[in-house]
Structure formats: structure tokens, C-alpha cells
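Dear colleague,

I am passing on the structure we spoke about, and my notes follow below it. Please have it open while you read.

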Amino acid sequence: MPLDPAIAARLKRTADGLVPAVVQQYDTGEVLMLAWMDDEALHRTLTTGRATYWSRSRGSYWVKGDTSGHVQHVRSAALDCDGDTLLLRVDQVGAACHTGDRTCFDAGELAVTGA
């Protein structure tokens with residue numbers, strides 16, 4: 001069964017058919033990672049409750065946690081007003097980043113000098 005046509009019609013995809021998905025911890029608002037989804041990945045995510053993404057480097061689908069055990073249980077999903085970005089609110093088990101960090105944004109903040 002494909003992605004709901006009403007949802008598919010709202011998506012604005014990149015030239016390669018992808019939509020960025022911002023992933024956030026559902027109860028704290030912590031931003032965990034950014035990944036990419038196509039229609040099939042979004043359909044799998046919405047119907048299984050497990051975050052499924054499209055790997056641009058491997059050219060295949062991956063379910064977060066299948067190999068690492070660091071599962072993302074999807075609590076909600078939303079599409080932004082332009083239809084070009086998804087927001088997944090998840091219950092993250094373990095590290096979200098492939099480096100083993102809690103988030104992909106733990107590598108260090110950049111200095112902001114202007115206000």
C-alpha cells in the first residue's frame with residue numbers, strides 16, 4: 001500500500017524525490033538529527049511507528065535502530081506549512097547519532113558574533 005495520496009500531494013520533494021525530516025525528542029524538544037525520506041520511507045514510518053529513512057550514501061532504506069539498537073519510536077509526525085520539511089517527534093532509545101552521541105548536534109556549537 002503506497003503513501004496516502006492526500007499526504008503525497010502535499011509534499012514538495014527535492015529533485016531526487018526526498019524530503020528532509022527533522023527529528024526531535026518528543027518530551028524535551030531536543031533536536032536529535034536530520035535525515036531524508038521519500039514517499040515509501042514516510043509511509044513505512046507512519047504505518048509502523050518506527051522511523052524509516054532513505055540513505056543517500058547507501059541508496060537504501062534504513063530503520064533507525066535495526067543495527068544499533070538505538071530505536072526511534074515515532075510519537076507524532078507533521079509537515080511544515082510549505083510541504084517541504086517533516087518534523088518527527090520520537091522517543092529516542094540510546095544515541096541518535098551514528099557517532100554514538102545523544103544528538104547529531106553534539107559536535108560543538110559555532111560562535112555567533114552578531115546579534
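Predicted model: local features only at pLDDT ≥ 70, side-chain atom pairs only at ≥ 80, totals over all residues.

I began with tryptophan 54, which counts as partly exposed at 22% relative accessibility. A search of the whole structure gives two aromatic pairs. In one of them, tyrosine 53 and tryptophan 62 are tilted against each other, with 5.0 Å centre to centre and 50 degrees between the planes. Tyrosine 53 is buried, its relative accessible area being 0%, whereas tryptophan 62 is partly exposed at 23%. Tryptophan 54 pairs with tyrosine 61 in an edge-to-face arrangement, where the centres are 4.8 Å apart and the planes make an angle of 75 degrees; tyrosine 61, with 30% relative accessibility, is partly exposed.

Two arginines also deserve a look. Arginine 44 lies over the face of tyrosine 61, at 4.2 Å from the ring centre, and arginine 75 lies over the face of tyrosine 26, at 3.9 Å from the ring centre.

Turning to the largest pocket, its volume is about 440 Å³, and of the 22 residues that line this pocket, Met33, Arg58, Trp62, Lys64 and His98 are the closest to its centre. Strands β2 (31-37), β3 (52-55) and β4 (60-63) each supply at least two residues of the lining, and β2 gives the most, with four residues. Sorted by class, the lining of the largest pocket holds eleven nonpolar, seven polar and four charged residues.

With best regards

How values were computed:
Residues numbered from 1 in each chain as written. Heavy atoms only, no water. Phe/Tyr/Trp six-rings, centres within 6.5 Å; stacked < 30°, edge-to-face > 60°. Buried < 20%, exposed > 50% of the residue type's maximum accessible area, 1.4 Å probe, protein only. Lys NZ or Arg CZ within 6 Å of the ring centre and 35° of its normal. 1 Å grid on protein atoms, 1.4 Å probe; cavity = no way out; pocket = protein on both sides within 12 Å on 5 of 7 lines; lining within 4 Å. Points joined across faces, edges and corners; volume = space filled by probe spheres on them. Nonpolar A, V, L, I, M, F, W, Y, C, P; charged D, E, K, R; others polar.
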